[in-house]
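Colleague: I would like to learn how to read a model like this one before I plan around it. Could you take me through it feature by feature?

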Amino acid sequence: MQSLLAVDFGGIFSGLYGQMGFVQGSWQNYVMILISFVLMYLAIVKKFEPMLLLPIAFGMFLINIPGAEKVLWGTHPEGNNSYDDVKNQGLLWYLYFGVDKVIYPPLIFLGIGAMTDFGPLIANPKSMLIGAGAQLGIFLAFILATAFGFSVAAAASIAIIGGADGPTAILVTTKLSSDLLPMIAIAAYSYMALIPIIQKPLMKLLTTKKERTIRMKPLRQVSKIEKILFPIVVTLVMGIILPDSIALLGMLMLGNLLKESGVVDRLSTQAQNGLMNTITIFLGISVGCKAKGELFLQVQTLEIIAIGLLAFVMGTIGGLLVAKLMCKITKGQINPLIGSAGVSAVPMAARISEDVGRQYDPQNHLLMHAMGPNVAGVIGSAIAAGVLLACFYSPGYADGSAVSAAIQTITSVA
């Protein structure tokens, strides 16, 4: 009884009160929780890219619950978060290892490759030109971001949003400007989810009614040997020319080779389903858990979102303009609507081309024709990422140095 009376209940309850979340929270935490609710609504109710938007939103929700960061993320007693000492770290810290060490994005590409049919691109190699044109947004956004005062590394990370490829954006940002990862990843996946809203008005603005009703000739049948050789040849050629793209491009082509070879169905099925689904969950929640209120709620975030939107819009316009040019050159054999599919969002962008085409001619099926530029966009975004990494992922560009000065000179003259 005496020992019980000796217990300092006041001190215990005082300590417990100090550990409660509402005591530790800030207004930024609660704003981010509200934003996470909006993203969950878009994912669940509106079905906007739910596979990744939902885990990202929930990761954002978890990390912004006042007091939860210490439990979920964890910190070393001395503030050292080195991977050499993993004591006192939380669950999310371990999951984020796959983002920090750039493991998840290439594995996502492995799954995408296993689910993708490159037949339409092989049957119509000219589709690569549309996919290349759709990368216009990346490079225009890069110039604009440097004009806004971002370093070249940060500008490259922001610009890659224009490729409409979440894993690519995450890989480039993790390597070049990891502090911007939450803003860029959320912007990239949000714009991918909003493709129908963003692209359809642009498609109708830049094409005529006559062009939208063009019926394209059926694609030729692609042989199995062509489908097997394609991923091998692309990997070899691009690996020699641009080694920095090989992490994404190599995994994309490996996944496709597993599918097209026909001899490893179990591996192909696993890459498409079990592995892809698992990595998607880990990637989403890892990205979301970095969106802490005090880091996310800044003017810089609005600048990134605005430039990212412009990058995506310009990428769509670039693909449409190239397709219109090809339509003129071929004297009406190519429907310009497939140009919007040149961005990397597979297969959503191709479906938008099909939907808009059928609005004007219900019997006009553009899906397979649009898949050519669409998969070309996937390859193009990986190549664009490789170019940016080759240019800026080195100690010499850590501070922006000569390239930043040159670009700022050009933009000031313009």
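Colleague: What percentage of the residues in the protein is buried?

Modeller: Buried means under 20% relative accessible area, with exposed over 50% and partly exposed in between, using a 1.4 Å probe and protein chains only; by that rule, buried residues make up 52% of the 414 residues here. This is a predicted model, in which local features need pLDDT of at least 70 and side-chain atom pairs count only at pLDDT 80 or more, while totals for chains, interfaces and linings use all residues. Residues are numbered from 1 along each chain as its sequence is written, and side-chain values use heavy atoms, leaving out hydrogens and water.

Colleague: Where does pLDDT stay under 50?

Modeller: pLDDT is the predictor's confidence in each residue, from 0 to 100, and its mean for the protein is 86. It stays under 50 over residues 76-80 and also over residues 395-411. With contact meaning heavy atoms within 4.5 Å, the model has 15 contacts beyond four places in sequence for residues 395-411.

Colleague: How many helices and strands are there?

Modeller: Helices (H or I, at least four residues) and strands (E, at least two) are DSSP runs, numbered from the N terminus, and the protein has 26 helices and 0 strands.

Colleague: What span should helix H9 have, and how far apart are its end C-alpha atoms?

Modeller: The expected span is 1.5 Å times one less than the number of residues, so the 12 residues of H9 (residues 104-115) should span 16 Å, and the 17 Å between its end C-alpha atoms agrees. H9 is also mostly covered, with 10 of its 12 residues buried, among them Tyr-104, Phe-109 and Ile-112.
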